[in-house]
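Subject: Structure handover

Hi,

Here is the structure for your review. My notes follow below it.

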Amino acid sequence: MAGATDLSPLSTASLAGLTSLTVRQRVPRLGTWDMPAPSSSVAATLRPDSSVGVQQAAARALGALITELPLARTFVRTTIAAAGAIPALAKLLESASPGVQQAATSALLNLAFKHPSNQTAIGAAGAIPLLVKLLGPDTSSYVKDAAVGALRNLCIRHADNRDAFIAAGAMPALEQLLETGSPALQESAEIALDCLEVSEWGSDLGSLDSEDECEGEEEFGEEEEMWEGEGEEEVGEEEVDEEEEMWEEEGEEEEGEEEGGDVLRTGRASCVVAIRAQERFDADICVVLGTQWGDEGKGKLVDILAQQYDIVARAQGGANAGHTIYDDAGKKYALHLVPSGILNASTVCVVGNGVVMHLPTFFEEIAKLKAAGIDVEGRLLVSDRAHLLFDLHKEIDGLREAELAGSGKQIGTTKRGIGPAYASKATRNGIRVCDLKDMDTFADKLRKLSVDGEKRFAEYNYDVEADIAEYKKIAETVKPLITDTVEYLNSAFESGKRILIEGANATMLDLDFGTYPYVTSSNPSIGGIATGLGLAPSKYKAIVGVVKAYTTRVGDGPYPTEIFGTLAEELRAIGKEYGTTTGRPRRIGWMDMVALRYVTRINGLTHMNMTKLDVLSEMDEIKIGVRYRSKDGSILPSVPADLETLEQCTVDYEMMPGWKVDISKCRTWESLPEAARNYIQRIEDLSGIYCKWIGVGPGRDALVNKPHMGQC
């Protein structure tokens, strides 16, 4: 962002470009960027006569300017408000487009946070009754979620706004959400009701900046210092200082009030809400991908983010993918074909055309979910273009592995039939889900497919007629789920629905980019998402790479940073590193930055989620593999395609000190030990990707949010 960005005339493309540029700019050089110029240009685009696409893109761009710039957010909020954005955003709340409503609400939510004059301006612009209207039954769940967040941020320390929300009917609307909303929305509504009820007690909120009640104070203080250090202290500094004083003075007055117990409870809730609102992931389509050799913990992040999304979709792979997730009570679920968003009651789960479906396994998973009390009715859709995987494919997979074992070249597959099913697809004799609509044709195709196996393997043992009979029963069960998911997903996106895409396997197992032939049979990289769902890459707003704090691999193939012996056994035991699908012990290795940089380039990652950091807590020292050297000692620039070169390479390591304390109870960046923060920061520095989420345990709540890119 060095130099002002020319945004006139503004279009959807130029606005999206600004948003993308803002999100990807890791350490913005604000001192050399003319902030008012883009703010004014974008605000001017928020006109009622602009197209829906331009309105939505402009509101998103303003939100990105606030949430993604880690320096001087207060100054950014002030500048955007001065450009006249608030009345324009308030007007957009009346839009008929859910996408515009959500983008405008999110922008207002962020403008209001910790900014009293913006809170007042938003109330004066008539936004409050419009936000209450968005809490009604006819509004999309993700718009309601943003509206509840805006309500809370507008009410913090602002009695006039609280009174206005109550007068507009916010309390009965929130009470209705407690009965009908998703679990996440119910939780948010309950805290919002606490915010509104404060005025009835005659007290205001506890100190938002109190160290005991709210972590994150240092972040804002640092922002102002860093901004001033860039040589721009004369711009807006006086107003910013005044506003900071208002927050501090109110907090000091309230801490000593007699009803301190109630105030403290609500103050904490409001603080948590405000931070949560800041951390809302504002990407209408978000892709979650594995960055190593699988088993990174993608399912957990998908399960958590699903609470903010209307649809969760799988794009590729099959039952060889095992995603382990936990509900709020700590109950474990192992999923193979059902998308990980299934635990969120308001989410529709889609199995896309790129997945190979073994329907008996799929319905076994559904039966287990139902037995556990998970309601899946009307929430699962299967692409009519998805290819079917049969027991004959499993039979061929096992015979093929046995054949290769004789030559010492076995791949180490899960023997779930994934490769042979994709081979049937590629040789154009595969059978698709849509073929189940005509069982006579289906039976004929399956008999012909079985003949191939009989001709190829003498030991082939498959009862095709028994399988035809079974699939006649299955067909009646699956028919209500069969959908043209290409049409469904694109129409959902165009109507303002938010879509979360769950990758399976990982890029280092990609058929094209992995350690071929020791790979899976699909493309778990970003290209497989496009072909596996029929959603154009231009629609993806965030691409999140899930990376384990160390590495693991199942099966054969080169593994440069592999650990052997006692240390590997200890880490395997602590991390419970056994395959979800096969139960096989996983191989263990150090973090491999050569492979991670390779993967980030291929996929265009915008964010990282580091998982299982807690597993390293007992280590005295931790290694990070930073470069490969070939047999002659020369540095390899990236992951080589030639396996012999990769197998013979040596790895240069950086040594990082361990932290030697249990971090599984940490929930804030500041509460992590310094050595753990330094380890994460080093991975971020070497990869160039913002490590937004850090997993410190298996549970949903065992997650730390890093405030921003760079040193915190």
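In which sense do E2 and strand E5 pair, and over how many bridges? E2 and E5 (residues 348-351) run parallel, with four bridges between them. Strands pair here if DSSP finds at least two bridges between them. Helices (H or I, at least four residues) and strands (E, at least two) are DSSP runs, numbered from the N terminus.

First, the basis. This is a predicted model, where local features need pLDDT of at least 70, side-chain atom pairs count only at pLDDT 80 or more, and totals for chains, interfaces and linings use all residues. Residues are numbered from 1 along each chain as its sequence is written, and side-chain values use heavy atoms, with hydrogens and water left out.

The sheet

Ten strands make an open, mixed sheet in the order E9-E7-E5-E2-E10-E1-E11-E16-E20-E21. Its edges are E9 (482-483) and E21 (703-705), and each pairs on one side only.

E2 (residues 311-314) also pairs with E10 (residues 499-502), parallel, over four bridges. Val 312 has Cys 349 as its bridge partner in E5 and Leu 500 in E10. Ile 311 and Ala 313 point one way from E2, Val 312 and Arg 314 the other, and all are buried. Buried means under 20% relative accessible area, exposed over 50%, partly exposed in between (1.4 Å probe, protein chains only).

E16 (residues 607-611) and E20 (residues 690-695) are parallel too, over four bridges. Met 610 stands opposite Ile 694 in E20. H27 packs on the sheet and touches E16 and E20. The direction of H27 makes about 145° with that of E16 (axes are lines fitted to C-alpha atoms, for helices over the stretch in contact; angles run from 0 to 180 degrees between N-to-C directions).

The core

The largest nonpolar core has 60 residues. Such a core is a set of buried Ala, Val, Leu, Ile, Met, Phe, Trp, Tyr and Cys residues joined through side-chain atoms within 4.5 Å. Met 610, Leu 613 and Tyr 679 have the most contacts inside it. H27 (residues 674-687) gives the most to this core, with six residues. Beyond four places in sequence, the contacts of Met 610 (heavy atoms within 4.5 Å) include Tyr 679, Ile 683, Cys 691 and Trp 693.

The hairpin

E3 (residues 323-326) and E4 (residues 332-335) run antiparallel, joined by four bridges. Thr 324 stands opposite Ala 334. Five residues lie between the strands, and Gly 330 takes a positive phi near 90°.

Best regards
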